[in-house]
Amino acid sequence: MVDAKNEADTAIHTTEKSLNEYKDKLGQADIDEINQELTKLREMAADASAELNDLKDQTEKVKNAAMKIGKAMYGQNNDS
């Protein structure tokens, strides 16, 4: 469980940093989705009764949502 919480914390930190840096390249719907997934993961990571599999699943959802940042970043660079 400790490893899963560490992975969740890392996903939160990395995604928030990327979102703050590149949010101007994202649509509002993507920003809202990423923030929603981050909120769920933060709450789950803070909940001592959270199930391990649920925490891992939510961490994956954050990582998948964060991929939109990368796509927007590289898409923007390819248009230049």
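Reader: By what rule are helices assigned here, and in which helix does L19 lie?

Author: Helices are DSSP runs of at least four residues, numbered from the N terminus. In this predicted model, the residue L19 belongs to helix α1.

Reader: How many residues does helix α1 have, and what distance does the helix reach from its first C-alpha to its last?

Author: Helix α1 covers residues 2–22 and has 21 residues. At 1.5 Å a residue, a reach of 30 Å is expected, and the helix comes close to it. From first C-alpha to last, the reach is 30 Å.

Reader: Is L19 buried or exposed?

Author: Buried means under 20% relative accessible area. L19 has 6% relative accessibility, and therefore counts as buried.

Reader: Which residues of α1 are buried, and where around the axis do they lie?

Author: The buried residues of α1 are A4, A8, A11, I12, T15 and L19. They cover an arc of only 100 degrees around the axis, so they lie on the same side of α1. Exposed residues, V2, D3, H13, K17 and N20, are found on the other side.

Reader: Which residue forms a salt bridge with E7?

Author: The closest N and O atoms of the pair are 2.5 Å apart. E7 is in helix α1 and its partner in helix α3, 56 residues apart, so that the pair links distant parts of the chain. The partner of E7 is K63.

Reader: How many salt bridges does a search of the whole structure find?

Author: One of the salt bridges joins the side chains of K68 and E33, at 2.4 Å from N to O. Another joins D30 and K68, at 3.6 Å. The search of the whole structure finds five.

Key
Residues numbered from 1 in each chain as written. Predicted model: local features only at pLDDT ≥ 70, side-chain atom pairs only at ≥ 80, totals over all residues. Heavy atoms only, no water. Helix = DSSP H or I, 4+ residues; strand = E, 2+ residues; numbered from the N terminus. Expected span 1.5 Å × (residues − 1). Buried < 20%, exposed > 50% of the residue type's maximum accessible area, 1.4 Å probe, protein only. Arc of directions from axis to C-beta. Salt bridge = Lys/Arg side-chain N within 4 Å of Asp/Glu carboxyl O.
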